[in-house]
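This report goes through one protein model, beginning with the chain as a whole and moving on to single helices and residues. Please keep the sequence and the structure in view while reading.

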Amino acid sequence: MHDTRARTLGRLERFVPERLEPAVHRDRLALDVAAWQVPDEPVPFAEAVQATYAPVAVGTPWGRPWSTVWFRVSGEVPAAWRAENGTRAELLVDLGFTTAHPGFQAEGTVWTPAGRIVKAVEPRNQHVPLADVLGADGTLEAYVEAAANPDVPGGVWTRPTPLGDKATAGDAPLYALRAVDLVLLDETVWELLQDVRVLAGLVGVLPPESPRGAAVLRALEDMMDAVDPDDVAGTAAAGRAALADVLARPAAATAHTVHAVGHAHIDSAWLWPVRETVRKCARTFSNVLALMDADPDVRFACSSAQQYAWVQEHYPELFDRIRKRVAEGRFVPVGGMWVESDTNMPGGEALARQLVAGKRYFIEELGVEPREVWLPDSFGYTAALPQLARLAGSENFLTQKISWNDTNTMPHHTFWWEGLDGSRVFTHFPPVDTYNSDLSATDLARAERQFAEKGRANTSLVPFGYGDGGGGPTREMVAAARREADLEGSPRVVLSDPQAFFDAARAEYADPPAWVGEMYLEYHRGTYTSQSRTKRGNRRNEHLLREAELWAATATVRTGAPYPAERLERLWRRVLLHQFHDILPGSSIAWVHREAERAHEEITAELQEVVASALATLTGAGERDVVVNASPLARHGVPGAGAAVRDERPAAAATLTEADDGWVLQNAAVRVVVDRAGLVTSAVHRPTGRDAVLPGARANLLQLHRDIPNEWEAWDIDEHYRRSVTDLTDAESVEAVDGEHGPALRVVRTVGASRVEQLLELPDDAPALRITTHVEWHETHKLLKLAFPLDVHAERAASEIQFGHVHRPTHANTSWDAARFETVAHRWVHVGEPGFGVAVANDSVYGHDVTRAHLDTSAPGGRAGTVVRLSLLRAPRFPDPDADQGAHTFRCELVVGADVADAVRHGYALNLPERVVRGERGVEPLLSTDDDAVVIETVKLAEDGSGDVVARLYESRGGRATARLRPAFAHDDVVVTDLLERGTQPAERDGDDVVVRLTPFQVLTLRFRRGDGARRS
């Protein structure tokens, strides 16, 4: 049997490429081609069609990296072709495609002479239907907008390359035009080829000894006997007849059911710039529309409102066609987010706005509201997401990325995911382990084999279509789905959409198990740190957006000043775009990150203008110092979200004295000892006398690690980095200086080819040592960490995430603990024991590790402590060979004697520094609360332009809280809303106060309706 199987498959491997595939086209005719090289960046069709074209021959090299060449194609369909039965004429374009995956190389968009997109041409989708480019007389004319996108990785994900930046990519042509032909497709031969591919794939996954495998193998033998290699067209029908019986045999009653959802995961930027993603969307979406025109059963799920908005702006005619298919339920918006964002690093309000902006767009522009969150490729999932999804009106969640775990396997594929506050979403991990399936037998068998819920459920989802770089589903994939709909030996395949799948899965498995807390990806841990400037810009602008909305809303309510709604929406959308899961994580080419850095600088400048204008209106014209506090929590006599006049600058709270072995920096709350190397040997909390620094250790310790991951350079930090470390204990200089807030110490060190300058100071009377670190970074394959060994026996650490914090163990008792060796935190990390704790706050860092420390002492058993480290900088070479080179500034605080409430307060204060403006009066907060556990995160005006005030607040400490909110403005009533500001119930009132009763980490949105005749939601 095995010899027979091998002989048959060997025969098939020759028969298909040598006989069957060439016979798909009965005839072909070369067309006339002329070309125009676009001088620089892409141009619209209206400009390209007016250009001067020159004749070009097949075989001509074209396309320097990132350039565009337009080809004009013309010819005539022979009259004899029109009389051929069972055939159809098509345009076939081969731009010189390589064997690389679609989307990672040359692509083309085919246009009619009137400027209508027909479809794309790509490596595995080269045909173009003629209906839109063929005249009544049989003449043909079309334009092909060819993008010379380079294959940046070239199959190697660690090798530095100049191709990621147009300025360094060179001018040599990347491609040679291979074919621009009119072809006559034999429909019977094409169908036979699809039969053979499905059955040959099935043989490959069935056990060699299985009766079904033997039957399919014999049928394939019979097919090859029936097809005359010298007359494939004339005998293809006989070949199909030989396969008809095995194709007609139904699947077993227990066969797994696959909901096949057409899909094209298009990275909004990655190994190409954002401008190319705009064109990728047009190419992919036009492919899908052409497929829908040919097959009424095709449905396509597409996420990311940003991508629809790009098409709406740049390709309005194509968008109108999409809108019609959306109305039919065939082109299906999913996910409800502005982009498929990273979920680890966006702040709480930003993650909420991803859902708000996306859902509003889908509702307002397309008339649909997705009910799921769709994030197949993000690098781990915050425990805050289930609550935000539910508050945005979503019930379901899909991803497959956790299948990439390098240590542990998730135990479920269909389950409840329970978030930080107890909210749950129905969740599915496609067991096919890809979002780019081609519906091959291999993929389907994997989905059935790996499905973890066997015996309880029997349904999974398979996203099919070329993705990452786009392309989408093809007619070959749809043909496979047809044949696999009810095929013995295969899972049943149903052409479907996400909501149909989730409805079926819920009905089948009403009470699945639950996974509680974050879904940590045991991979790509370096994305918390790579491309620091992109991350700093994001953190800065998230907080500036908070300030801009707060002060603009306050100015509108108090003075009637215009609220800059459109400007704020535009800036929010720019920030949300740059939270895409290959931009904010730092895993894109140089071009993308340089654009992101410029964009964040522009956003910062605009937001500063909005803030300055609003504050000028609120504080009035005057020469007094007005201290402005955008933090939701009061500080230094200034209320949260308010401002106060300060007639005199307070004296410095700290003193600095030199001692024999270094310096002592102290205020009323903390006494810090710094040695001659600029390292902190002691940080005593004066009210308790507790020293936060582990005895014998030194804090503020910079540590340099070798950082050469096995693969995926910008993405990964591999655990072996810990085994190569250099403590930077030598200082070029340590000197006393006058800092911004009083006396300070300046420490200068050399790190390889880099220079580090630190400023240590106590900026006020709080128990917090502030460390500002400036780095001129010129290292390669290094990781720079900042360590704080603490005299705190903590079994777990609290790390801030969106709208709360999570606890993670400091030990590595289990494989799950050990795999979580690099973690994400937002503004602070806290470790503590009963009665004493320490927080480390920061203004721009996300990557951390928190581990147990053990210091031998004379006491039996030694002494256990905890080391908190911030990951400051990396130096990967791919995909950006110059990642993070240059200047960086980080600001952090060591807060001693801190509880979680202190950590929250210092995290906000560090990220929302006080402003001092010139004016004549303070600013009373629009809203205040009598319990600081309830944090007012956002104050803004309603999205619908009604003028209503919207506030978003949350319980910040992980306990229950009852608070009174005091609005300091006139309003009619108050309602609790969802994230989209749609009322759900009246708020509890006590006079003018609003009473809120929050469970741990609950997020609550309130809408204060204002004014007679205001539009109601």
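## Terms and basis

Helices (H or I, at least four residues) and strands (E, at least two) are DSSP runs, numbered from the N terminus. Residues are numbered from 1 along each chain as its sequence is written. This is a predicted model, in which local features need pLDDT of at least 70 and side-chain atom pairs count only at pLDDT 80 or more, while totals for chains, interfaces and linings use all residues; side-chain values use heavy atoms, with hydrogens and water left out.

## The chain as a whole

The protein chain contains 19 helices and 54 strands. Along the principal axes, its C-alpha atoms fill a box of roughly 95 × 70 × 60 Å. The radius of gyration of the protein chain is 31 Å, which agrees with the value near 31 Å for a compact globule of 1017 residues. That radius is taken over C-alpha atoms, and the globule rule is 2.2 Å times the number of residues to the power 0.38.

Of the 1017 residues, 62% count as buried. Buried means under 20% relative accessible area, exposed means over 50%, and partly exposed lies in between (1.4 Å probe, protein chains only). The chain exposes about 35,600 Å², and carbon and sulfur atoms supply 48% of that area. Accessible areas come from the Shrake-Rupley method with a 1.4 Å probe; for residues, only the protein chains shown count as cover.

Among contacts in the protein chain with a separation of 6 or more, 74% are between residues 24 or more positions apart. Contact means heavy atoms within 4.5 Å. The chain has 108 positive and 146 negative charges, and their mean positions are 2 Å apart. In this count Lys and Arg are positive and Asp and Glu are negative, whereas His and the chain ends are not counted. A charge is placed at NZ of Lys, CZ of Arg, CG of Asp or CD of Glu.

Helix H13 spans residues 475-483, and seven of its nine residues are buried, so H13 is largely enclosed by the rest of the structure. The buried residues of H13 are Arg475, Met477, Val478, Ala479, Ala480, Ala481 and Arg483.

In helix H14 (residues 498-508), the buried residues are Pro498, Gln499, Phe501, Phe502 and Ala505. They cover an arc of only 155° around the axis, which puts them on the same side of H14. The arc is that of the directions from the helix axis to the C-beta atoms. The cover over these buried residues includes strands S13 (257-263), S14 (300-302), S16 (372-374), S17 (396-398), S19 (424-428) and S20 (459-464).

## Prolines

Pro430 sits in the loop between S19 and helix H12 (441-450). Pro430 counts as buried because its relative accessibility is 2%. Leaving out residues up to four places away in sequence, Pro430 touches Leu398, Thr399, Gln400, His413, Leu461 and Pro463. Asp295 is 135 residues from Pro430 in sequence, and their C-alpha atoms are 25 Å apart.

Pro967 belongs to strand S49 (residues 961-967). With 14% relative accessibility, Pro967 counts as buried. Beyond its neighbours within four places in sequence, Pro967 is in contact with Leu926, Leu927, Asp992, Asp993 and Phe1008. Pro967 and Val994 are 27 residues apart in sequence, with a C-alpha to C-alpha separation of 8.1 Å. Pro879 lies in the loop between strand S43 (863-873) and strand S44 (886-896). A cis peptide bond joins Phe878 to Pro879, with omega about 5°.

His636 counts as exposed at 52% relative accessibility, whereas Ala641 counts as buried at 10%.

## Thr1005 in strand S54

Thr1005 is part of strand S54 (residues 1003-1009). Its relative accessible area is 2%, and Thr1005 is therefore buried. Apart from residues up to four places away in sequence, Thr1005 touches Val950, Ala951, Arg952, Val975, Val976, Thr977, Asp978 and Leu979. Val939 is 66 residues from Thr1005 along the chain, and 9.9 Å separates their C-alpha atoms.
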